[in-house]
Amino acid sequence: MRQKYRTYIIFIFIFLAAISLRLPDLEHRPMHGDEAVNAFKFGELLESGKYAYNPEEFHGPSLYYITLLSAFIGSVDQYSKLTEPILRMVPVIFSLLLILLFFYFRKKAKISVTLFSILFLTISPAMVFYSRYFIHEMIFIFFTYAFIYSIYDFINNQSLKNALLSGFSLGFMIITKETWIVPVFAAIVSLVILLINKSINIKLHTTHFISFIITIFTLYILFYSSFFSNSSGLIDGLLTYGNYFTRGTIESVHNNPWYYYINLLFLFDNRWSEAFILLFSVLGIFNVMMNRKDNPFLLYMSTFTILTVLIISFIPYKTPWNLLLFWPGLIFLAAVGINYLYEIITGKFIKIAVTILI
């Protein structure tokens with residue numbers, strides 16, 4: 001019981017730190033061009049009450065509809081009255097929800113792994129910066145990892161609750177950003193690997209699977225039809241994938257080499273480095289692969305993260321915030337690596353030294 005209370009106390013302190021890094025001075029940084037475009041698109045919805053999905057630009061509708069709640073709480077009903085905090089509060093909230101979600105991972109991993117995970121999610125420069133960025137990414141990342149967790153539970157423990165949670169998460173991924181295909185493909189392959197490794201037995205119940213599909217289609221129809229006010233949005237939501245496939249493969253100013261994301265994380269602008277997390281994630285992956293029969297969830301997270309890194313690294317079209325797709329996964333595996341280091345080192349003073357270093 002004492003251990004349980006200690007865990008919650010540590011989590012509360014870390015969560016307060018996360019809030020203190022994300023909330024202050026949201027208005028002090030000038031808006032990036034993509035933020036400004038999203039603000040303009042949201043302003044149209046705010047003032048006219050109408051929205052039409054564009055299959056060529058701007059990503060999915062979820063960001064704009066969710067921001068209506070932020071504007072309502074802030075008593076803003078005109079585009080000219082919008083402020084940076086009103087807009088940026090949305091990614092802040094979803095970044096905090098992501099930390100809460102990873103705390104829930106303690107059901108599948110050791111407490112030390114969970115606490116290190118949420119600590120690094122809290123202080124990672126990449127996570128903090130894009131948590132204060134009015135783009136689709138933080139909503140997308142939250143629902144991606146909610147899906148990764150819930151679909152694992154759905155496969156292993158068939159229930160209506162798990163079916164609805166995984167369907168809701170995937171549905172929100174689809175209505176947020178077209179790149180949902182990448183993490184879903186990585187998740188499916190990872191589950192197949194678990195099946196080959198005899199770590200899981202897949203038994204789908206028809207009723208639960210139908211509930212899963214209905215949940216996804218309901219969200220798709222509601223949001224892409226702009227709540228039944230734009231029926232062409234249902235077709236545009238499908239046509240967009242041809243546009244994004246072309247964009248991802250042709251020459252562009254956004255084309256970068258395969259090591260672009262890793263390079264950003266190792267040393268950004270000669271000031272910020274997250275190489276610590278990268279190096280310990282390698283140790284974590286090594287530990288998981290050497291003991292792949294021990295914890296299927298860790299093997300699942302490892303294969304999902306590795307596949308995601310490889311896929312988005314070899315897609316020529318790159319924007320820096322896309323690294324968030326795999327970064328929480330590598331943070332989780334870095335926590336696994338640190339836990340493994342504690343297990344293999346001996347001596348009280350060595351452990352204290354390692355703790356100080358970390």
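Me: Helices are DSSP runs of H or I with at least four residues, numbered from the N terminus. With that in hand, in which helix does F172 lie?

Reply: F172 lies in helix α8. This is a predicted model, so to speak of a place in it is to speak of predicted coordinates. Helix α8 covers residues 160-174.

Me: Is F172 buried or exposed?

Reply: A residue is called buried when its relative accessible area is under 20%. F172 has 8%, so it is buried.

Me: Which residues does F172 touch, leaving out those up to four places away in sequence?

Reply: Contact is judged by heavy atoms within 4.5 Å. By that test F172 touches S62, I66, F143, L219 and F223. A distance between C-alpha atoms is another way to look at a pair: F172 and T144 are 28 residues apart along the chain, and their C-alpha atoms are separated by 8.6 Å.

Me: How far can I trust the coordinates? What is the average pLDDT of the protein chain?

Reply: Where pLDDT is low, the predicted coordinates should not be read in detail. Here the protein chain averages 92, and 97% of the residues score at least 70. Among the elements, helix α11 (residues 232-249) has the lowest mean pLDDT, 80, while helix α4 (residues 84-104) has the highest, 97.

Me: How many helices and strands are there in the protein chain?

Reply: The count is 16 helices and 0 strands. The radius of gyration is 21 Å, close to the 21 Å that the globule rule gives for 358 residues, so the chain is as compact as a globular protein of that length. Its C-alpha atoms fill a box of roughly 65 × 50 × 50 Å along the principal axes.

Me: What share of the residues is buried?

Reply: Buried residues make up 52% of the 358.

Me: Sequence distance is another topic. What share of the contacts between residues at least 6 apart in sequence join residues at least 24 apart?

Reply: The share is 78%. Two single pairs show how sequence and space can be set side by side. I10 and Y342 are 332 residues apart in sequence, with 19 Å between their C-alpha atoms. N157 and K203 are 46 residues apart in sequence and 9.0 Å apart in space, C-alpha to C-alpha.

Me: Where do I10 and N157 sit?

Reply: I10 is in helix α1 (residues 2-22), and N157 is in the loop between α7 (137-156) and α8. I10, at 35% relative accessibility, counts as partly exposed. N157 also counts as partly exposed, at 48%.

Methods:
Residues numbered from 1 in each chain as written. Predicted model: local features only at pLDDT ≥ 70, side-chain atom pairs only at ≥ 80, totals over all residues. Heavy atoms only, no water. pLDDT = per-residue confidence, 0-100. Helix = DSSP H or I, 4+ residues; strand = E, 2+ residues; numbered from the N terminus. Rg over C-alpha atoms; globule rule 2.2 N^0.38 Å. Buried < 20%, exposed > 50% of the residue type's maximum accessible area, 1.4 Å probe, protein only.
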